[in-house]
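Here is a short briefing on one protein chain. Look over the sequence and the model first, then read the points below.

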Amino acid sequence: MATKRVLVLYAHPSQHRSEVNFPLRQAAQEVEGVTLVDLYYEYPNFDICIDREQKRLLSHDVVIFQFPLYWYSTPSILKEWQDLILEYGFAYGQEGTQLHGKPFLCALSAGGKAEAYRADGYNHFTIGELLQPLEQMANLTGMVYLPPFAIFGSRTAVEDKRVAGHVEQYRQLLHALVDDKVDIKAAQALPILTDNLRNFIKDGA
């Protein structure tokens, strides 16, 4: 039985070309207790409904941004969503405590290989460093920031036959979040959640 409600805010501006994020999206839709919101589908003109999105946040226990990494950040609609939805007095500031205590994480795909995301790699920064604006967003709003579920080398995931494995790991993570079987402190100690599920999921969920 589901004990936590998980909100996945999915953003992919060219979904028809997606080889990794779309299968992950489909997997998320199938997990009981997960609400998947396709932001580009729901708001094709970026006319985001603040009241609807804030109510969604209030009615869920865990928040996930799922997206392909675009120019070291999120697709633009996720930034628009943050700008509009995380209002003073709701998400931060005086009496802005509505999101306190809710775990938050990013589930993302990156075209480059894992070794490209380190100080001596061609991207020069780790994926955790590149996501620091989102980490600080979580900090300011009182959410509990978790390391990303990050899939590297997404451009070759299909030919390398890795997609099914990534989907299964994502499904396990979502089930663990719904079933409240994630050891938050153990997860926070990791650089990424991907390939480390056994280190923070309790009772073999």
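Helices and strands here are DSSP runs, of at least four residues for helices (H or I) and at least two for strands (E), numbered from the N terminus. The model is predicted. On that basis the chain reads β-α-β-α-α-β-α-β-α-α-β-β-α-α along its sequence. The radius of gyration is 16 Å, close to the 17 Å that the globule rule gives for 205 residues, so the chain is as compact as a globular protein of that length.

**Fold and dimensions**
- Eight helices and six strands make up the secondary structure of the chain.
- Along the principal axes, the C-alpha atoms fill a box of roughly 45 × 40 × 35 Å.
- Take the contacts between residues at least 6 apart in sequence: 75% of them join residues at least 24 apart.

**Burial and surface**
- Of the 205 residues in the chain, 50% are buried. Buried means under 20% relative accessible area.

**Charge**
- The chain carries 19 positive and 25 negative charges.
- The mean positions of the positive and negative charges lie 3 Å apart.

**Strands β1 and β2**
- Strand β1 covers residues 6-10 and runs parallel to β2. Five bridges join the two strands.
- Within this pairing, valine 8 stands opposite leucine 36 in β2.
- Strand β2 spans residues 34-38 and is mostly covered. Four of its five residues are buried.

Notes. Residues are numbered from 1 along each chain as its sequence is written. This is a predicted model: local features need pLDDT of at least 70, side-chain atom pairs count only at pLDDT 80 or more; totals for chains, interfaces and linings use all residues. Side-chain values use heavy atoms; hydrogens and water are left out. The radius of gyration is taken over C-alpha atoms; the globule rule is 2.2 Å times the number of residues to the power 0.38. Buried means under 20% relative accessible area, exposed over 50%, partly exposed in between (1.4 Å probe, protein chains only). Contact means heavy atoms within 4.5 Å. Lys and Arg count as positive and Asp and Glu as negative; His and the chain ends are not counted. The place of a charge is taken as NZ of Lys, CZ of Arg, CG of Asp or CD of Glu. Two strands pair if DSSP finds at least two bridges between them.
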